[in-house]
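Subject: Structure handover

Hello,

Here is the structure we talked about. Please open it and keep it beside this note.

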Amino acid sequence: MSEFLDFAAEHLPYILEGLPTTLALWILAITFGFFFGLLLAWCRIYGGRLAYSLATVYVEIFRGTPMLVQMFFIYLGLPEIGIVFDPFTAAVVAIGLNTSAYQAEYFRGALLSVPSGQMAAAQAMGMSRMQALIQIVLPQALRRVLPQWSNEAILELKFTSIAFAIGVTEITARAEKIGYQTFEFFNTFVLVALVYLVLTATVAELLAWLERKTYVPGVTARAG
Amino acid sequence: MSTVLRVESIVKRYSDHAVLNGVSLELARGEAKVIMGPSGTGKSTLLRCINHLTPPDEGRVFLEGEELTSENINKIRQRLAFVFQDFNLFLHLTVLDNVRIGPRRILGQSKEEATERALTELRRVGLEDRANYYPAQLSGGQQQRASIARALAMDPKVILFDEPTSALDPELTGEVVAVMKQLASEGMTMLVVSHEVAFARSAADKIIFMEGGYIVEEATPEVILRNPRSDRTRGFLKAIGEQEAV
């Protein structure tokens, strides 16, 4: 145990230098996924036939292929047709596009779960459809989606580790480097796993707090 | 008396079945009319056609002489309130915010003005002490009174009530009927789909009896409840146990 602690004390700082990169990857990707996912869900529910079809095809493609393949395609494949990203941007785009497909499905379910009488009541007062969606339906849908969305956010935090495969020096990449320098792979990967565990536990706690904070009786099923 | 709401020859079909077969009616300022009739006879559809929540296939609706069109519908609905059978309070908003959102976000009043208005209407329906509760924390009767306050806060010219007590436990209908009676006595123009004979008898100027997508007859509560012209009206009142005498 003390051997591991010595190992951690020596190498943790180097691994944690990758933390800003990991967190930036994660925040940019899930934020992009949030807005784009919402747009996709919107298209699938309220859009015309074309918008519905495009969004549906998008969701099926990105849910049906591995994220690693998508990232390699974006980083290594797209340059062949003149679209070049640096590794960090390519990883953000890949993770963001992928999570948006999943988030879209969660948003779609949540938007559809808002009782239709809510829209009717808003329109009956003189709200336009758009105003009713934004002021009445969306705030309820977002509360309802929060538990699923939290799962997705935590999942994506772990998925940022795939960025190491295209050379982004986030925490997994740094751990791998330490492993090959010290040949103490056991300690190395226990250490980096602990780092992820602390990160995901912190994020889970923050999101649980947000859930309690936004809880309204009668909108979400369970009490905060 | 001046006509506030005029409904002309509303027709509504679902596939090839006509639910409304050309229904016309008028409401004068301050008038309260109650629509009765067997279930499935088009009463609620008529109400929803009047404010175009369900667009009618044919017919026209005028509020204060202005015809409802797809262009002015949102403007007109601000003056043509609707109270739903199952309340449809906005679930994520407190009672106060439910009542305030219309004046604030639709009529564009200042926050202070809208709050003042909302509190006034909540006092009117006896719910000022529930202002900070969420809908799910209220009884059905309280929710319906809150939804009436929400309608009143828009300062409507007419309120349409779609079976406002049908979703309530029997012991809770009284508080809602009391609020509606009070509104009628204060001169609110109201069109009410309801089987609340007690309300109709004491607060309605006219009862409209509907069946099969037609208006069978329209007369004062006195006439309809005591001596209806139509056998169908008589049969319906008998069925709900309200035929008083012949």
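Below is what was found, chain by chain and then across the interfaces.

First, the ground rules. This is a predicted model: local features need pLDDT of at least 70, side-chain atom pairs count only at pLDDT 80 or more, and totals for chains, interfaces and linings use all residues. Residues are numbered from 1 along each chain as its sequence is written, chains are lettered from A and ligands numbered from 1 in the order in which they are written, and side-chain values use heavy atoms, with hydrogens and water left out.

Chain A

Chain A has nine helices and zero strands. Helices and strands here are DSSP runs, numbered from the N terminus (helices: H or I, at least four residues; strands: E, at least two). In sequence order the pattern is α-α-α-α-α-α-α-α-α. The C-alpha trace of chain A spans about 70 × 50 × 25 Å along its principal axes.

Look at α5(A), residues 87–113. Its 27 residues should span 39 Å at 1.5 Å a residue, and its end C-alpha atoms are 39 Å apart, so the two values agree. The expected span is 1.5 Å times one less than the number of residues. At the start of α5(A), a side-chain oxygen of D86(A) comes within 3.1 Å of the backbone nitrogen of F88(A).

Then turn to α3(A), residues 49–64. R63(A) and E60(A) both sit in this helix, three residues apart, about one turn. Their side chains form a salt bridge, 3.6 Å from N to O. The rule for a salt bridge is a side-chain nitrogen of Lys or Arg within 4 Å of a carboxyl oxygen of Asp or Glu. Side chains of opposite charge can pair when their charged atoms come close. Over all chains, the rule counts 25 salt bridges.

Chain B

Chain B is divided into domain 1 (1–79 + 156–246) and domain 2 (89–155). The bounds come from an automatic or database domain assignment. The C-alpha centres of the two domains of chain B are 25 Å apart.

How many residues of domain 1 of chain B are in contact with domain 2 of chain B? There are 16, and they meet 15 residues of domain 2. Contact means heavy atoms within 4.5 Å. The two domains of chain B bury about 1200 Å² between them, 66% of it on carbon and sulfur atoms. Buried area is the accessible area (1.4 Å probe) that two parts lose on being put together, summed over both.

Two salt bridges cross this domain interface. Separately, R145(B) forms a salt bridge with E175(B), with the closest N and O atoms 2.9 Å apart. On the domain 1 side, β7(B) (158–162) and α6(B) (170–185) each supply at least two residues. The largest share, seven residues, comes from α6(B). By class, that side has eleven nonpolar, two polar and three charged residues. Ala, Val, Leu, Ile, Met, Phe, Trp, Tyr, Cys and Pro count as nonpolar, Asp, Glu, Lys and Arg as charged, and the others, Gly among them, as polar.

Where the chains meet

Here 23 residues of chain B are in contact with 22 residues of chain A. Together the chains bury about 1900 Å², 67% of it on carbon and sulfur atoms. In chain B, F90(B), L91(B) and H92(B) lose the most area to chain A, together 34% of what that side buries.

The rule finds zero salt bridges between chain B and chain A. The elements of chain B that give two or more residues to this side are α2 (73–77), β6 (80–83) and α3 (95–106). Of these, α3(B) gives the most, with four residues. The chain B side has twelve nonpolar, seven polar and four charged residues.

Best wishes

How values were computed. A polar contact is a pair of N or O atoms within 3.5 Å; within protein, one must be able to donate a hydrogen and the other to accept it, and residues adjacent in sequence count only if both atoms are side-chain atoms.
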